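Subject: Structure for you to look at

Hello,

Here is the structure I said I would pass on.

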Amino acid sequence: MKASRRQLIPEAKVGLMARAMAQALWSLHRKYIVHRNLKMEMFGVEVSSGSHAKLLISNFDLAFCLAPGQAIRQNFLTFTVSRVSAPEVEANRPHDISLD
């Protein structure tokens, strides 16, 4: 259910959310997973009992699992290029986890 009006999120909470996003991305990159389409809409929050919440990343349609030191040298999902804003992907240039 969506709220009928927008509410401001306290700055301290925004900081915690940004940190959680960075940690989630770091966790993916530690496993050599590049998302290739990361934007705010791909983040969600799962709220459990009490005040506990878990940050989720969605839409791994363009994700790729790399070997250490490997770069993606071709666009293996050419039919989705119009959805991707990363110049490396659109130009079919090599890229790695730094793309996210």
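Helices (H or I, at least four residues) and strands (E, at least two) are DSSP runs, numbered from the N terminus. This is a predicted model, in which local features need pLDDT of at least 70 and side-chain atom pairs count only at pLDDT 80 or more, while totals for chains, interfaces and linings use all residues. Residues are numbered from 1 along each chain as its sequence is written, and side-chain values use heavy atoms, with hydrogens and water left out.

The chain as a whole

The protein chain has 2 helices and 4 strands, and from the N terminus on they run in the order α-β-β-β-β-α. Of its 100 residues, 25% count as buried. Here buried means under 20% relative accessible area, exposed means over 50%, and partly exposed lies in between (1.4 Å probe, protein chains only). A contact means heavy atoms within 4.5 Å. Among contacts in the chain with a separation of 6 or more, 49% are between residues 24 or more positions apart. The chain exposes about 7700 Å², and carbon and sulfur atoms supply 56% of it. Accessible areas come from the Shrake-Rupley method with a 1.4 Å probe, and for residues only the protein chains shown count as cover.

Helix α1

The 20 residues of α1 should span 28 Å at 1.5 Å a residue, and its end C-alpha atoms are 28 Å apart, which agrees. The expected span is 1.5 Å times one less than the number of residues.

Which residues of α1 are buried? They are M21, A24, L25, L28 and H29. These residues lie on the same side of α1, because they cover an arc of only 140 degrees around the axis; the arc is that of the directions from the helix axis to the C-beta atoms. An α-helix has 3.6 residues a turn, so residues three or four places apart point the same way. What covers the buried residues includes β1, β2 and β3. The face of α1 turned away from the buried side carries the exposed residues A12, L16, R19 and W26.

H29 has a relative accessible area of 17%. Leaving out residues up to four places away in sequence, H29 touches I97 and D100.

Two positive phi values

α1 is followed by Y32, whose phi is positive, near 60 degrees. Y32 is in the loop between α1 and β1, and is partly exposed at 31% relative accessibility. N59 also has a positive phi near 60 degrees; N59 sits in the loop between β3 and β4 and is partly exposed, at 27%. Most residues other than glycine have a negative phi.

On the surface

How many salt bridges does the structure hold? It holds 1, between the side chains of E46 and K54 (3.7 Å, N to O). A salt bridge is a side-chain nitrogen of Lys or Arg within 4 Å of a carboxyl oxygen of Asp or Glu. E46 is partly exposed at 41%, and K54 is partly exposed at 48%.

I9, V14 and M17 form a nonpolar patch with about 240 Å² of accessible area together. Patches are made of residues with over 30% relative accessible area and no salt bridge: like charges are joined within 9 Å, and nonpolar side chains (Val, Leu, Ile, Met, Phe, Trp, Tyr) within 5 Å. I9 lies in the segment before α1 and is partly exposed, at 47%.

Regards
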